Amino acid sequence: MDIQLYNTLSKTKETFKPLKVGIVSMYHCGPTVYDTPHIGNYRTFVMNDVVRRVFEYNSYQVIQAMNVTDVDDKTIRRSREEGISLNALTRKYEKLFMEGITSLNILTPHHLIRATEHIPSMIELIQTLLDKKIAYTTSDGVYMSIEKVKDYGALAHLKKTDISKERIANDEYDKSNPHDFALWKFTTSDDVDNSWEAPFGKGRPGWHIECSAMAMKVLGETIDIHTGGNDLIFPHHTNEIAQSESATGKTFAHYWMHGAFMNVEEEKMAKSKGNFIKLESLHDQMISPIAYRYWLLTAHYRSPVNFTYAAVQAAQSALIRLMGILANFPENGVAIPFYTERFNAFINDDLDTPKAIALIWDLIKDNRRSDADKRATIADFDRVLGLNLSSIPHLVDEPTPPEIQALAEAREEARKNKEWDKADALRAEIEARGYTVLDSEKGFTVVRH
Ligand code: AMP
Ligand code: ZN
């Protein structure tokens, strides 16, 4: 079945065509590890995870890479404020970031790459751009000349005249250089600890070059899919394209996917507005990360969403209800093709998770289907949704079949008589028939496995 993806480059949904049959390479812009991420950041990381899972559901081999920005202006500034080394600071926040990733059931990318561990690739890329005279050196760093870049701004659909205006508004780094952007910043007196030797002068990389160099190093000069939040279209992804394509002369990424923002009270979640919400705050309100994930999936990734506790609490109630229903369904069913095909069509239509979630509830209400098959079908959907719906303990207390009960009692008798070999043989017999005996001080219990 074809996979349709909305490509920011063409502003249309396109049928996905991989570079190599059956394989998809994807790069996601990762966190800047100077603080714990807010739940808006995690919206984008959940989207990335769903992209991966959709391809796996469609039997693709996925090669997924995500960077960790562990050196830039923000990380350096924060390490000074906290009075600790850059390394100590970034490792601390990377760990917290990964705890959030695990709690949201986001699969760990195959390549999780730290900027500080790929400085040589960045230096090499900058040197290529210097050799090609697309980059130039000033007193404070190496800059990229956007005038020399063909189609600069195409991803953002910006005309050259709009670019300076946009750059001044957006780019934190280069406000004093509105036309060009920094590839490398030479060491300043207060920054000696965080700098690396390079043929063009000691210093540290700019944020944009980190992603270009790491993506190409790990995945190759052309990749299938590149993703991030909407705010990264300009300047970050625009600059990644400029750097990579100027250096290689090849297309950098075929599909550019961008997730819409999560707002709070209709405003962008931003530190300056003081409306930052973290996973911890959800925890304090007794909202589980998985319920947050469920809520995220009820909206399409390209639609902005407005966070309210009430909305996420309502999603949590729905999820708890669903888990309760599934826990009472037997486990021996099979996935229903009529439903898995519809599910596949929804997720392949540019990740239509809201329709996929609605389909769960349609299936629950469908009284022509057995409970066991419903359970198996929803467990199959969960390969993409990642809501732990396939591992809900089965709550129905089934009576133990009399022959198993008899074997268990015989084993108990053997144990009392210290006939250990006989007891072990009986246990093996019980196991072979699909049951396990659990011993406790009060006696034994038999459970199905
Ligand atoms: P950062 O750690 O700031 O580099 O951001 C990590 C990711 O989170 C990027 O892909 C951003 O585009 C994304 N992001 C930041 N704020 C939000 C938000 N409010 N909603 C959705 N994604 C966001
Ligand atoms: Zn990036």
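Of the 15 residues around ligand 1 (a heavy atom within 4 Å), Thr32, Gly40, Thr44, Asp231 and Met262 come nearest. The model is predicted, so local features need pLDDT of at least 70 and side-chain atom pairs count only at pLDDT 80 or more, while totals for chains, interfaces and linings use all residues. Residues are numbered from 1 along each chain as its sequence is written, chains are lettered from A and ligands numbered from 1 in the order in which they are written, and side-chain values use heavy atoms, with hydrogens and water left out.

Helix α1 gives the most to the shell around ligand 1, four residues; α1 and β10 (223–229) each supply at least two. As for polar contacts (N or O pairs within 3.5 Å), an oxygen atom of ligand 1 sits 3.0 Å from a polar backbone atom of Thr32, and a polar side-chain atom of Asn41 is 3.0 Å from an oxygen atom of the ligand. A nitrogen atom of ligand 1 lies 2.9 Å from a polar backbone atom of Met262. On its own, ligand 1 exposes 500 Å², and the protein buries 90% of that (Shrake-Rupley areas, 1.4 Å probe).

Then there is the zinc ion (ligand 2), coordinated by Cys29 (SG), Cys211 (SG) and His236 (NE2) at 2.0 to 2.2 Å. Donors here are N, O and S atoms within 2.8 Å of the metal (3.2 Å for Na, K and Ca); water is not among the atoms, so sites may look incomplete. Cys29, in the loop between β3 (23–28) and α1 (39–57), and His236, in helix α7 (residues 233–248), are 207 residues apart. Both are buried (under 20% relative accessible area, 1.4 Å probe, protein chains only).

Technical notes:
Buried means under 20% relative accessible area, exposed over 50%, partly exposed in between (1.4 Å probe, protein chains only). A polar contact is a pair of N or O atoms within 3.5 Å; within protein, one must be able to donate a hydrogen and the other to accept it, and residues adjacent in sequence count only if both atoms are side-chain atoms.
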